[in-house]
Amino acid sequence: MRQYTIKSEGIDAGREPSLLELIDETEGGYYVRIVHRHEDWEDVREDFLSHELFDTCLRTGYIAELTA
């Protein structure tokens with residue numbers, strides 16, 4: 001499963017970055033899990049991103065792939 005960091009205020013505040021995980025790919029786009037970590041809890045949700053929106057986020061630097 002590929003993971004991406006999400007550009008957010010959390011990185012600047014010294015917190016762990018929010019993550020976007022690819023769950024599944026379809027003809028129209030990606031099913032993703034988005035995890036926002038807070039000091040003592042996590043906000044987890046699943047959503048769908050079209051290929052176009054995903055590519056735009058990647059190209060503009062809003063998301064960046066995590067490397068192992």
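## The largest pocket

By class, 7 nonpolar, 1 polar and 2 charged residues line the largest pocket. Here Ala, Val, Leu, Ile, Met, Phe, Trp, Tyr, Cys and Pro count as nonpolar, Asp, Glu, Lys and Arg as charged, and the others, Gly among them, as polar. This is a predicted model: local features need pLDDT of at least 70, side-chain atom pairs count only at pLDDT 80 or more, and totals for chains, interfaces and linings use all residues. Residues are numbered from 1 along each chain as its sequence is written, and side-chain values use heavy atoms, with hydrogens and water left out.

The lining residues are I6, L20, I34, H36, R45, D47, L49, C57, Y62 and I63. β3 (29–37) and β4 (42–50) are the elements that give two or more residues to this lining. β4 gives the most, with 3 residues. Strands are DSSP runs (E, at least two residues), and helices are runs of H or I (at least four), numbered from the N terminus. A pocket is an open set of points on a 1 Å grid over the protein atoms alone, where a 1.4 Å probe fits, with protein on both sides within 12 Å along at least five of seven lines; lining residues have an atom within 4 Å of a point.

## How the strands pair

Two strands pair if DSSP finds at least two bridges between them. β3 and β4 pair in the antiparallel sense over 9 bridges. They form a hairpin with 4 residues between them. V32 stands opposite D47 in β4.

β1 and β2 also run antiparallel, joined by 4 bridges. β1 pairs with strand β5 (residues 63–65) too, antiparallel over 3 bridges. Y4 has a bridge partner in each: L20 in β2 and E65 in β5.

## The nonpolar core

The largest nonpolar core has 11 residues: Y4, I6, L20, L22, Y30, V32, I34, L49, F54, C57 and I63. Such a core joins buried Ala, Val, Leu, Ile, Met, Phe, Trp, Tyr and Cys residues through side-chain atoms within 4.5 Å. β1 (3–6), β2, β3 and α2 (51–60) each supply at least two of its residues. The largest share, 3 residues, comes from β3.

L49 touches L20, G28, G29, Y30, V32 and F54, leaving aside residues up to four places away in sequence. Contact means heavy atoms within 4.5 Å.

## A buried glutamate

E21 lies in strand β2 (residues 18–25). Is E21 buried or exposed? E21 counts as buried because its relative accessibility is 12%. Buried means under 20% relative accessible area, exposed over 50%, and partly exposed in between (1.4 Å probe, protein chains only). Beyond residues up to four places away in sequence, E21 touches M1, R2, Q3, Y31, V32 and R33.
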